[in-house]
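Dear colleague,

I am writing to hand over the structure that follows. Kindly look through it before reading the findings set out after it.

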Amino acid sequence: MQIDFADSEQSTLGIEWELALVDGQTGELASVAQEVLDQVTANHPGLQDGEEHPHIKQELLLNTVELVTGVHHTVSEAKADLQRSLDAVREVTDPMDVEVFCAGSHPFSPPQLQPVTDKERYAKLIDRTQWWGRQMVIYGVHVHVGLDHRNKALPVMDALLNYMPHFQALSASSPYWGGEDTGYASQRALMFQQLPTAGLPFTFQSWGQYEDYVYDMFTTGVIDTGSEIRWDIRPVPALGTIEMRVCDGLATLEEVGAIAALTQCLVEEASQQLDVGWAIPTMPRWFLKENKWRAARYGLDAIIILNRAGDELLVTDHLRNNVLNRLEPIAAKLGCSEELAHVDKIIERGAGYQRQRTVAEASDGDLHAVVLDLIQQMRKGPDA
């Protein structure tokens with residue numbers, strides 16, 4: 001099975017940001033996405049009835065909208081794109097007394113009671129996955145980075161897998177599930193991997209092996225389209241990108257920019273190494289799986305495995321003492337130095353799961369206060 005890889009300019013990027021819609025008074029999830037999307041489309045010049053907005057999309061659940069950027073060269077451009085879409089959503093939701101927020105999960109609304117968007121592909125997913133599918137009240141941030149050659153896709157995926165726990169820890173923001181503290185920094189990470197083809201990607205020695213895998217998945221009925229391969233990190237041949245999908249939802253545009261900058265810089269670094277003939281170091285799958293669990297469980301307190309030799313280090317120490325310093329020249333070249341520096345701000349301020357627990361503790365365990373705080377963070381920034 002031949003899978004073509006679209007032409008793409010190296011290290012261009014796009015971002016997808018999934019947002020939860022909630023009642024402005026109670027903080028409960030509000031299943032009003034269709035009404036919001038209809039009005040957003042009506043407000044957009046040049047769109048006809050039934051035509052989808054180019055940057056504001058449907059998702060699995062009726063309590064969710066997704067903001068999708070165009071293709072950009074810099075993180076700041078992508079952030080401005082997201083802000084325009086967010087403003088367009090608020091133009092509709094504010095008069096409805098509906099608020100938006102983003103985290104890996106909603107702290108207290110019952111997952112199994114959330115209506116699914118009326119589309120055949122979503123109905124098929126729920127029918128197939130049953131209880132697990134009905135639990136997917138989760139929100140994430142996806143970052144696409146362009147690659148200038150198909151042969152870079154799988155090695156760059158391997159490179160990003162080495163940093164999967166860093167992304168998981170920085171973005172972890174789903175400690176609560178159905179009103180209960182799970183004890184995990186990211187409940188979303190463990191929940192999402194229950195879907196078919198979700199979770200850690202397989203590794204391949206060649207593009208041909210990857211094509212064989214996709215063919216096998218089609219032949220055996222596991223997938224109907226390539227987009228149903230839902231790995232934490234995946235090549236997207238139709239766009240000519242590598243997509244980082246491991247991240248929990250991020251509460252603020254500043255944090256989205258930080259994660260996007262880290263992704264863009266790591267992809268550019270790997271691309272440069274491949275251009276000069278260097279091999280990308282890899283780790284055994286069992287180390288990758290353990291790293292994902294540690295980051296989901298302990299977040300920024302995770303001690304992660306760094307290499308094939310089994311060396312370990314606190315994830316924040318590795319970020320501060322190695323990764324961020326090493327990537328700064330690349331960030332300067334890509335024009336995202338300011339956004340990359342915000343990674344350290346996440347560590348200093350605390351990741352989303354830490355901030356949520358702090359608010360809950362200060363509010364005698366009231367998770368409504370957590371949602372209201374998330375709403376204010378999205379409106380006013382992480383220091384709101």
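This is a predicted model: local features need pLDDT of at least 70, side-chain atom pairs count only at pLDDT 80 or more; totals for chains, interfaces and linings use all residues.

On the H2 side, the contact is formed by Val-75, Lys-79, Leu-82 and Gln-83. H9 contributes Leu-253, Val-256, Gly-257, Ala-260, Ala-261 and Gln-264. By class, the residues of this contact comprise six nonpolar, three polar and one charged.

The largest has a volume of about 80 Å³ and a lining of 15 residues. Nearest its centre are Ser-173, Ala-251, Glu-255, Gly-352 and Arg-355. At least two lining residues come from each of the helices H6 (164-171), H13 (352-362) and H14 (367-380), and H13 gives the most, with three. Seven residues of this lining are nonpolar, six are polar and two are charged.

The second largest cavity holds about 30 Å³ of space. Its lining is made up of Gln-168, Arg-188, Ala-189, Phe-192, Asp-232, Arg-245, Val-246 and Lys-292. Helix H7, residues 187-192, supplies the largest share of this lining, namely three residues. Four of the lining residues are charged, three are nonpolar and one is polar.

Yours sincerely

Note on methods:
Residues are numbered from 1 along each chain as its sequence is written. Side-chain values use heavy atoms; hydrogens and water are left out. Contact means heavy atoms within 4.5 Å. Helices (H or I, at least four residues) and strands (E, at least two) are DSSP runs, numbered from the N terminus. Ala, Val, Leu, Ile, Met, Phe, Trp, Tyr, Cys and Pro count as nonpolar, Asp, Glu, Lys and Arg as charged, and the others, Gly among them, as polar. On a 1 Å grid over the protein atoms alone, a cavity is a set of points where a 1.4 Å probe fits but cannot get out, and a pocket is an open set with protein on both sides within 12 Å along at least five of seven lines; lining residues have an atom within 4 Å of a point. Grid points are joined across faces, edges and corners, and a volume is the space filled by probe spheres set on the points.
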